[in-house]
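Good morning, and thank you for coming.

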Amino acid sequence: MGIGRRGLTAFAAAGLAAAVAGLIARSRPVTGIVSLVLAVGSPYAATLSVLAVLIAVYLRHVVLSVVAVAVAAASLGVQFVWYHGGHPSDVGPDVQIRVLSSNLRNGEADAVSFVKLAEDQADVVMVAELTPQAAQNFSRLGISRTFPYAVLMPEAGAVGIGMWSRFPLVAVPVPKRRSIATPAARLRIPGLRFDPLFAAVHVDSPVAAGSDNIAEWHSGMAGVQAQLDRFSALAGRGAVIVGGDFNSTPDMRQFRDLLTGGYADAANRAGAGFAPTFPAAGWLPPMITIDHVLTRNAAVSRITTVAIHGSDHRGLLTTIRVPLTPRRA
């Protein structure tokens, strides 16, 4: 027995309602689990609006068709602009810096393959969930031979974080803030007039341990904003590159609110396309994009995700173009 005309109409209406709810949720700050789910799920709800268009056309329902087309255009439009609307910008003569950023899943990422990946493709490495054991494993495998400079804050569980670099690092004092870790350092790179400032970041998950952790996540995101403002003041005309696990998708308003004062999301700026990073440990492909690289006074020539064996996140490989002489604001 078929669904019937009424059933198809109801299904299309439900799909449109989900897409509209997603649009509304992504336009407002996340305040609870419901708004979180709606915002994070909005890219997938957008596909329901396309199905609603097909159903409405099939049923020759004029009003439903018009509404469905409008909702589909809005839902898909915001996704297309974010993931495909950007393009690499020209900053003039520059130095290219390759950055590998990754969550190590409580230090469980395979150290051998991770060090090999870093040695082959990175100049700067940023990691979240760096445990003392993981730091020891990396050291035993000789990571310091390629990356002799480091700012490391290893801790048990998911709160450790750190950076390694081929270039000299000068640590930048960073005030401690609740629910985030953001070690920062200036890189001394020959040929650059201003030393770029690099920082790793890890924000508490809004659903840590499967429970409501929205309040801590709110605090973490507010802390990131404060740190970004501080980095801007410290760097002046110099570049700022911040990478890591923000536990936030582009459809969460609080993440997009970080993109002020000259900061841009690397994937958005490069028009790199939809490249989710989590979850990456099971047989299903990653579904959401919660790992990011933010840049200020710099451009992005390439960004791609890469498998990190043993982690539940895909890593990001980003090529940053730091101008030799930054333009005045």
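How many bridges join strand β2 to strand β4? There are 5, between residues 124-128 and residues 161-165, and the two strands run antiparallel. Strands here are DSSP runs of E, at least two residues long, and helices are runs of H or I, at least four, numbered from the N terminus; strands pair if DSSP finds at least two bridges between them.

This is a predicted model, in which local features need pLDDT of at least 70, side-chain atom pairs count only at pLDDT 80 or more, and totals for chains, interfaces and linings use all residues. Residues are numbered from 1 along each chain as its sequence is written, and side-chain values use heavy atoms, without hydrogens or water.

The open sheet has 6 strands in the order β3-β4-β2-β1-β13-β12, with mixed pairing. Because β3 and β12 (299-306) stand at the edges with a single partner strand each, one side of each has no neighbour in the sheet. Within the sheet, V127 stands opposite G162 in β4. Helix α5 (residues 111-121) packs on the sheet and touches β1, β2, β12 and β13 (contact means heavy atoms within 4.5 Å).

I turn to the largest pocket. A pocket is an open set of points on a 1 Å grid over the protein atoms alone, where a 1.4 Å probe fits, with protein on both sides within 12 Å along at least five of seven lines; lining residues have an atom within 4 Å of a point. Its lining has 40 residues, with H202, V203, D204, S205 and N247 nearest the centre. Among the elements that each supply at least two lining residues are β3 (149-153) and β8 (197-203).

Key
Axes are lines fitted to C-alpha atoms, for helices over the stretch in contact, and angles run from 0 to 180 degrees between N-to-C directions.
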